[in-house]
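Below is a brief report on one protein model.

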Amino acid sequence: MAIENITMPQLGESVTEGTISKWLVSPGDHVHKYDPLCEVLTDKVNAEVPSSFEGEIVELIASEDETVAVGKVICTVKTAAETNVQPEAEPGPDSDAAGPKPEAEKGKKVRYSPAVLKLSQEYGIDLNQVKGTGREGRITRKDLLKIIESRGNEAESAPSKPEPAKPAPARDTPPASRPLPVREAGKEDTVIPVTGVRKAIANNMARSKQEIPHAWMMVEADVTNLVRYRDAVKEEFKRREGFNLTYFAFFVKAVARALKEFPALNSTWAGDAIIQKHDVNISIAVAAEDKLYVPVIKHADEKSIKGIAREIAVLAQKARAGKLAPEDMEGGTFTVNNTGSFGSVQSMGIINYPQAAILQVESIVKRPVIMEEGMFAARDIVNLCLSIDHRILDGLVSGRFLKRVKEILETVTPETAPLY
């Protein structure tokens, strides 16, 4: 019988896995080509996975809330040409209780997710002895975590055996061979399950900090001329174009210009090589309630300030409406984060993996500054905070890049920074 596999697609340039948040079909359902099968969450996008074939859903390999590597099978489809073939007998009502064993009895290969296989190998768990609680008795990551935690509790309560003389461990110090047990929530505590986009964000941030040696530097920029220029034209711009001219558009344009002069900042670490990207695609962070998206302004160096302002407005609106498409998130080479919109004046960003750097644009504040004449004046000052991948970048080139961004911003005029 011809059965086709549907695999986890790569929903972004650096995406290596996705989490099935919701199945939109069930075994036995008939689907047409391009019909949505499930909703998938990654650290970059929330998207629907379409069917590559027309036919009947045979089996949902991955369960909801399960993280699956790119290229791994998530479900199988019996193609339309084969839908008249008599299907195999369905398992009886008690088949779920045996976990994955019924599949083995039918001659099928038992499938486990990469996360389940990794945990079972690390903690020596025999998967044949595990009762799965997932769809159709599949073993999930949560099933193994419960076993690991129960082992830890048993180890704590079991009487200690005589051992060779060793220094006594500090009281309440957990064994190094297993993770700390999860503390139970108190009666007044609020338990918030970590699922969906938040889990994807957590995984990506942890990977970035674990793999990338971060370094950090900051400069102050006097953007008084920029503030005056933007404030003088913003009302007319809004009437003419229909969207806001923000300070952030000027910052993104300045970064794009500087990246053309310092391409080392527009790079990716590739293990045995450093890849300098030709295109300048600026990722911007957009918050939406408890979610964080990083859509991309493509070819930002080729766009006017008006064009960048429009892209910022469109991408932010799509992100907050949950309508970002995979192509909106792909290809980013450098990230600019507008932390100043929350009043922040100094911060250290975590690099958007696998990029080489991220720039935090802080809040513009009035400060007294000593001018060349020795007089004090109130000026508009902004902190620019740069986090870099120290495998790729050193202080010299990073400092020169920041200095150039500062120069561009401090010399903004209608002539040096035309809107159109």
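## The second largest pocket

A pocket here is an open set of grid points with protein on both sides within 12 Å along at least five of seven lines. The model is predicted. Its second largest pocket holds about 820 Å³ of space. The lining counts 36 residues, and Ala285, Val286, Asn337, Asn338 and Ser341 lie closest to the pocket centre.

Several elements each give two or more residues to this lining: helix 4 (196-211), helix 6 (247-261), strand 13 (286-288), helix 7 (305-320), strand 16 (334-337) and strand 17 (357-361). Helix 7 supplies the largest share, five residues. By class, 20 lining residues are nonpolar, twelve are polar and four are charged.

## Ala200 in helix 4

Helix 4 also contains Ala200. Is Ala200 buried or exposed? Its relative accessible area is 9%, so Ala200 is buried, the cut-off being under 20%. Ala200 and Thr67 are 133 residues apart in sequence. In space, their C-alpha atoms are 9.3 Å apart.

How many bridges join strand 1 to strand 8? There are five, and the two strands run antiparallel. Strand 8 spans residues 73-79. Within it, Val73 stands opposite Thr7.

Notes: Residues are numbered from 1 along each chain as its sequence is written. This is a predicted model: local features need pLDDT of at least 70, side-chain atom pairs count only at pLDDT 80 or more; totals for chains, interfaces and linings use all residues. Side-chain values use heavy atoms; hydrogens and water are left out. Two strands pair if DSSP finds at least two bridges between them. Helices (H or I, at least four residues) and strands (E, at least two) are DSSP runs, numbered from the N terminus. On a 1 Å grid over the protein atoms alone, a cavity is a set of points where a 1.4 Å probe fits but cannot get out, and a pocket is an open set with protein on both sides within 12 Å along at least five of seven lines; lining residues have an atom within 4 Å of a point. Grid points are joined across faces, edges and corners, and a volume is the space filled by probe spheres set on the points. Ala, Val, Leu, Ile, Met, Phe, Trp, Tyr, Cys and Pro count as nonpolar, Asp, Glu, Lys and Arg as charged, and the others, Gly among them, as polar. Buried means under 20% relative accessible area, exposed over 50%, partly exposed in between (1.4 Å probe, protein chains only).
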